[in-house]
Amino acid sequence: MFVVLKVIDVIIPAFNEENAVGKVVNAIPKNLVRDIIVVDNNSSDQTCKQASSAGAIVLKQHIQGYGAACLKGMDFIHGKTIKPNIIVFLDADYSDHPEELPQLVEPIIEESADMVIGSRSLGNREKGSMTFPQRFGNRLATVLLKLIYGYKFTDLGPFRAIRYDRLVELGMSDMNYGWTIEMQIKAAKRNLTCVEVPVKYRVRIGESKVSGTVKGAFLAGYKIILTLFRYA
């Protein structure tokens, strides 16, 4: 039986995900987490309403960017009297499977890992759930991570868990597309114990703001490569 003795908070960046964010929040095992924090990143739809109706704490981040939204969620948690032991990040588009959260946090609870990446490459990926630019970018980035920093990853997956104290030590700063790779680079540079667990991945609800456009895919790829060499 899976027993949790740790405080777990979840951060979900969201931009125009009114049709998906409620499903994401509802699918998170509520008995395992303290707070589910949805950070609305300038949505023009009903994302806030849907997230709140599902039971999430909703924050507003008017500075556009995935990383900016994550940092807003972290600032909220930093202000709490009782800090969490574990922070989980996942996307608001329902491409991740939130019910897999127990598998994601288990290595940290067992004190065998500082950070856990949910690997879509190792898991069951629904056909069409990742575009060619996503797959190519993931492959290139993980190869470069191995060559430059000596850490082997198979994915830059957004569904991830990390010890709160280790996350604070990383000093995260990226405001947009480089957020996930920055975390993995800084974890490698600090010699954190990082593991991957296979996770399922499905076709997202709605159109991707990054991989769904040529401009978005190019900017994300450029930022990932730039971040890789910036910290080298």
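Analyst: This is a predicted model. Start with a pair of facing residues: Val-39 stands opposite Leu-59 in β3. The chain gets from β2 to β3 (residues 57–60) by way of helix α2 (residues 47–53), in a right-handed β-α-β crossover. Strands β2 and β3 run parallel, joined by 4 bridges.

User: Which strand is joined to β2 by 6 bridges, and how do the two run?

Analyst: That strand is β1 (residues 8–14), and β1 and β2 run parallel. Within this pairing, Asp-9 stands opposite Asp-35 in β2. Here the chain passes from β1 through helix α1 (residues 21–27) to β2, and this β-α-β crossover is right-handed.

User: Which residues point each way from β2, and are they buried or exposed?

Analyst: In a regular strand, side chains alternate between the two faces of the sheet. In β2, Asp-35, Ile-37 and Val-39 point one way, while Ile-36, Val-38 and Asp-40 point the other way; all are buried. Because 6 of the 6 residues of β2 (residues 35–40) are buried, the strand is largely enclosed by the rest of the structure.

User: How many disulfides does the structure hold?

Analyst: A disulfide needs two cysteine sulfur atoms within 2.5 Å. The structure holds 0 disulfides. Cys-48 is in none, and the nearest cysteine sulfur, that of Cys-70, is 16 Å away. Cys-70 is likewise in no disulfide.

User: Are Cys-48 and Cys-70 buried or exposed?

Analyst: Buried means under 20% relative accessible area. Cys-48 is buried because its relative accessible area is 19%. Cys-70 counts as buried at 0% relative accessibility.

Note on methods
Residues numbered from 1 in each chain as written. Predicted model: local features only at pLDDT ≥ 70, side-chain atom pairs only at ≥ 80, totals over all residues. Heavy atoms only, no water. Buried < 20%, exposed > 50% of the residue type's maximum accessible area, 1.4 Å probe, protein only. Pairing = 2+ DSSP bridges. Right-handed = clockwise from strand over helix to strand, strands pointing away.
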